Amino acid sequence: AFVVIDCSSGTVRDFRPNASARRLAPCSTFKIWNTLIGLESGILTSADEAFYKWDEQKRSISSWNRDLTLKEAFQASCVPAFQVLARQIGPERMQSWIEKIEYGDRDTSAGIEVFWLPARGRKTILISPREQAQLMHDLVSGKLPFSKTSLAVLREMMTIRTTDNGVLFGKTGSGTDDRGTYVLGWFVGYVESNGKTYSFSCTAEGENIMSKDARAIVETVLEIQGLL
């Protein structure tokens, strides 16, 4: 699924409407909103602040095994760091924000630390690629209740790539099946090109599919269209 929205006109290009309407677990793309809620709640203040104190527990992703700033944790997609943040936000405040921005099916019942993470036997919050693209459109268009200061911090953390044609901002997310095999990749964000902004959301599904595959699709299409 791949949805692109022209943020000035609202024109939507939906490459696979049936797929883009299907709700899925957001995986680590929820870090976009976790971060914004943390900023609006006064828990976070800047991209370079000390954010994650490593608990000395060795994890399979080596970049998680050290202290991290907010920006480093976001770009490394450090799950334990953002689980700490979610606990600090708390269930009631998190649910209030989820309702306010109308995020997917708004179901956080799985628990404050895990509701966005797919796992066997656990129901997650669900959101479609179309809904993700629309939320990003609303965010960059100033239609959501987040301050300019919070948006500036997020923008710094989401900057992924700059070319002569544009600047790419995004967040990846990957999901596994019950066997632990990667089967879902997300890439959500926006691109600024020639004075215009386009929000997007892409999912790719299949055995051994991850976020890098969704990101590759987006970058290829944006390059072909001359936006990146």
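Here's a quick look at the nonpolar cores and aromatic contacts in this predicted model.

Start with the packing. The largest nonpolar core counts 50 residues, and Ile32, Trp33, Phe51, Met94 and Tyr103 have the most contacts inside it. Eight elements, α2 (31-40), β3 (50-52), α3 (70-75), α4 (79-89), α5 (91-101), α6 (129-140), α7 (148-158) and β7 (182-193), each put in at least two residues. Helix α4 gives the largest share, with six residues. There's also a second, separate core of 16 residues, with Phe187, Ala204, Ala214 and Leu222 among them.

Met94 is worth a look: leaving out residues up to four places away in sequence, Met94 touches Phe30, Asn34, Ile37, Ala86, Ile89, Ile112 and Phe115.

Now the rings. The model has 12 aromatic pairs. Trp33 and Phe146 make a tilted pair, because their planes sit at 45 degrees, with ring centres 6.1 Å apart. That pair ties together distant parts of the chain, since Trp33 is in helix α2 and Phe146 is in the loop between α6 and α7, 113 residues apart. Trp33 and Phe146 are both buried. Phe115 and Trp116 are an edge-to-face pair, with planes at 85 degrees and centres 5.1 Å apart, and both are buried too.

| Charged end | Ring | Distance to ring centre |
|---|---|---|
| Lys100 | Trp97 | 4.2 Å |
| Lys171 | Phe74 | 5.7 Å |

Technical notes. Residues numbered from 1 in each chain as written. Predicted model: local features only at pLDDT ≥ 70, side-chain atom pairs only at ≥ 80, totals over all residues. Heavy atoms only, no water. Core = buried A, V, L, I, M, F, W, Y, C linked by side-chain atoms within 4.5 Å. Buried < 20%, exposed > 50% of the residue type's maximum accessible area, 1.4 Å probe, protein only. Helix = DSSP H or I, 4+ residues; strand = E, 2+ residues; numbered from the N terminus. Contact = heavy atoms within 4.5 Å. Phe/Tyr/Trp six-rings, centres within 6.5 Å; stacked < 30°, edge-to-face > 60°. Lys NZ or Arg CZ within 6 Å of the ring centre and 35° of its normal.
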